[in-house]
Amino acid sequence: KNTVKCYNHYVSEFLEFTKKNYQHLTSNDFTFYLDHYKFSSTSQQNQIISAIKFLYEKVLNKKYAKIDFSRPRKERKLPQIIDKTILREKILSIKNLKHKAILSLAYSCGLRVSEIINLKIVNIDSDRNLIHIELAKGKKDRVVPLSENLLKILRDYYLAYKPEKYLFEGQKGGKYSNTSAQKVLKTALFKSGIRKKVTLHSLRHSFATHLLEKGTDIRYIQELLGHSSPKTTMIYTHVTE
C-alpha cells in the first residue's frame with residue numbers, strides 16, 4: 001500500500017510537470033524532470049526513479065533502453081543506537097500496556113514496524129516460545145524467539161485490551177497504523193527525556209547491536225533480522241562498543 005501511494009504521488013507530479021499527454025512522453029521528458037527536481041535525499045531520488053520507471057515499463061510498455069535510470073550512490077549512514085540499560089529501564093517504566101508491548105516487541109525481537117502492526121494473535125506461539133513473522137520484507141516467513149519476560153508483557157496487554165484478530169488494533173478495530181506506532185515511541189522518548197532523533201527502527205538497530213556486543217554470531221543475528229545478505233547485518237559491527 002505504501003508503494004502504491006508513493007508511486008501515485010511521484011507519477012502525478014511528473015505528469016503535472018511535463019504537461020503532456022502520457023502517451024507522448026519521451027526519454028527527454030524524464031531526463032529534464034530529474035535535472036530540475038530538488039531532491040531532499042538519495043532515498044527520495046530512488047523512489048522517484050522507481051515510480052517513473054514503473055510508469056514507462058509496466059503502464060506505457062515503452063522501450064526505455066535510451067532512458068538513463070541510473071541510481072544515485074546510496075548514503076552510508078550509521079544506525080542510531082540507544083544504550084541498553086536506559087532502553088530497558090524506560091520501556092519497563094511505561095504505564096500504558098499497549099505502548100509497552102509495542103516497544104518491547106520492537107526491541108526484544110528486532111522487528112520492523114510493519115511486522116509489528118501485521119502480527120496476528122495466532123502468530124504468538126506461547127507453547128514453544130516463538131513468534132511467527134508472516135510474509136515480511138521480501139515475502140519471507142521467519143520465526144523469532146519469545147522470551148518469558150516479553151510473553152508476560154504480551155499476556156498482561158492481551159487481558160487488558162482483548163484484541164480480536166491483530167495483536168495491536170486501533171480504537172475502531174483493524175490493525176494498528178504505522179503512524180500510531182511511531183507516535184508511541186516519540187511519546188515514550190519525550191517523557192523519558194531521551195532527545196535522540198530515533199524511530200521504531202532504531203530499536204531494531206539497538207537489538208542487533210546489543211546482541212553483537214554480547215558475542216552472538218552475526219549469522220544468527222542475520223537470521224533473526226531476516227536479512228538476505230550478511231553484508232546488511234555487518235553494518236552493526238561499526239557501531240558496537
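This is a predicted model: local features need pLDDT of at least 70, side-chain atom pairs count only at pLDDT 80 or more; totals for chains, interfaces and linings use all residues.
Visitor: OK, where does Q222 sit, then?

Guide: Q222 is in helix α10, and it counts as buried because its relative accessibility is 10%, where buried means under 20% relative accessible area, exposed over 50%, and partly exposed in between, computed with a 1.4 Å probe on protein chains only.

Visitor: And what does Q222 touch?

Guide: Leaving out residues up to four places away in sequence, Q222 touches H227, S228, S229, P230 and T233, a contact being heavy atoms within 4.5 Å. T240 is 18 residues from Q222 in sequence, and their C-alpha atoms are 16 Å apart in space.

Visitor: Let me step back. How many helices and strands does the protein have?

Guide: There are eleven helices and three strands, and from the N terminus on the order of elements is α-α-α-α-α-α-β-β-β-α-α-α-α-α. Taken along the principal axes, the C-alpha atoms fill a box of roughly 60 × 45 × 35 Å.

Visitor: What share of the protein is buried?

Guide: Buried residues make up 41% of the 241 residues. The accessible surface comes to about 15300 Å², of which 52% belongs to carbon and sulfur atoms; these areas come from the Shrake-Rupley method with a 1.4 Å probe, and for residues only the protein chains shown count as cover.

Visitor: How many positive and negative side chains are there?

Guide: The protein has 44 positive and 22 negative side chains, and the centres of the two sets lie 4 Å apart. Lys and Arg count as positive and Asp and Glu as negative, with His and the chain ends not counted, and each charge is placed at NZ of Lys, CZ of Arg, CG of Asp or CD of Glu.

Visitor: Now α5: is it largely enclosed or open?

Guide: Ten of the 13 residues of α5 are buried, so the helix is largely enclosed by the rest of the structure. The buried ones are K98, K100, A101, I102, L103, S104, L105, A106, Y107 and C109.

Visitor: What span should α5 have, going by 1.5 Å a residue?

Guide: The 13 residues of α5 (residues 97–109) should span 18 Å, and the end C-alpha atoms are 17 Å apart, which agrees; the expected span is 1.5 Å times one less than the number of residues.

Visitor: What caps the N-terminal end of α5?

Guide: N96 does, with a side-chain oxygen 3.0 Å from the backbone nitrogen of K98.

Visitor: Which residue other than glycine has a positive phi?

Guide: K19 is one of them, with phi near 55°, and it lies in the loop between α1 (2–18) and α2 (27–36), where it is exposed at a relative accessible area of 67%. N129 also has a phi near 55°, and its loop runs between β1 (124–125) and β2 (130–136). Most residues other than glycine have a negative phi.

Visitor: Back to glycines: where is G226?

Guide: G226 is in the loop between α10 (218–225) and α11 (230–233), and it is buried, with a relative accessible area of 14%. Not counting residues up to four places away in sequence, G226 touches R112, K140 and R142. From G110, G226 is 116 residues away in sequence, with the C-alpha atoms 9.7 Å apart.

Visitor: Last one, what polar contact does the H205 side chain make?

Guide: The H205 side chain makes a polar contact with the side chain of Y236 at 2.8 Å. A polar contact is a pair of N or O atoms within 3.5 Å; within protein, one must be able to donate a hydrogen and the other to accept it, and residues adjacent in sequence count only if both atoms are side-chain atoms. H205 is found in helix α9 (residues 200–213) and counts as buried at 17% relative accessibility. Apart from neighbours within four places in sequence, H205 is in contact with P79, Q80, I81 and Y236.

Technical notes:
Residues are numbered from 1 along each chain as its sequence is written. Side-chain values use heavy atoms; hydrogens and water are left out. Helices (H or I, at least four residues) and strands (E, at least two) are DSSP runs, numbered from the N terminus.
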